[in-house]
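The structure comes first, and the notes follow by topic.

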Amino acid sequence: MMKIFRDYPFLVFLLGIIVTELIKIGVFSIKNKRLALDHFSHSGGMPSGHSSLVGILVGIVYMLKGVSSIEFVLVLGVAFIVLYDSMNIRRETGKHARFLNELQKNIKFKEPLGHTFLEVFLGFLFGIIFSVISLSLI
């Protein structure tokens, strides 16, 4: 039954993203003491969905192609770009949005855009672990 993940790695990818977003909803709900189903696929939060997504891809390529493959090098390079962007560029954009929202009240910019290092690290780690375990089950 679990061999289906090895035959169809995109199912690991899809399931991993869904599980990540459900975890994010759970963490946000516990933190804010309300069921936050509206938080599905929102920017920001714990764990980082972007980081989990690239972690899943890194794990899938690692398991199916190996660490010495060109595919692994490519997906790892893209992962580093996404991780950097999540922690730095998108986070700074969120700070700018917060500042602009304080300056003017008639337009609201979306503020929680980026992630902390911990959110990014745990999202990436979860993605790798999830995909490696899913592809290891036979």
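Which residues does Ser51 touch, not counting residues up to four places away in sequence? The model is predicted, and in it Ser51 touches Leu83, Ser86, Val120, Gly123 and Phe124 under that exclusion.

**Ser51**
- Ser51 is found in helix 3.
- Ser51 counts as buried because its relative accessibility is 0%, and buried means under 20%.

**Confidence**
- The chain has a mean pLDDT of 82, and 86% of its residues reach 70 or more.
- Confidence is highest in helix 3 (residues 49-65), with a mean of 93.
- Helix 1 (residues 3-7) has the lowest confidence, with a mean of 71.
- Where pLDDT is low, predicted coordinates should not be read in detail.

**Nonpolar cores**
- Nine residues make up the largest nonpolar core: Val54, Val58, Val61, Phe72, Val75, Ala79, Leu83, Val120 and Phe124.
- Helix 3, helix 4 (70-103) and helix 5 (117-136) are the elements that give two or more residues to this core.
- Helix 4 supplies the largest share of this core, four residues.
- Another core lies apart from this one and has six residues, among them Val12, Ile60, Phe130 and Leu135.
- In soluble globular proteins, nonpolar side chains tend to be buried together.

**Contacts of Val58**
- Not counting residues up to four places away in sequence, Val58 touches Phe72, Val75, Leu76, Ala79, Phe124 and Ile128.
- Phe124 is touched by Val58 and also by Ser51.

How values were computed: Residues numbered from 1 in each chain as written. Predicted model: local features only at pLDDT ≥ 70, side-chain atom pairs only at ≥ 80, totals over all residues. Heavy atoms only, no water. pLDDT = per-residue confidence, 0-100. Core = buried A, V, L, I, M, F, W, Y, C linked by side-chain atoms within 4.5 Å. Buried < 20%, exposed > 50% of the residue type's maximum accessible area, 1.4 Å probe, protein only. Contact = heavy atoms within 4.5 Å.
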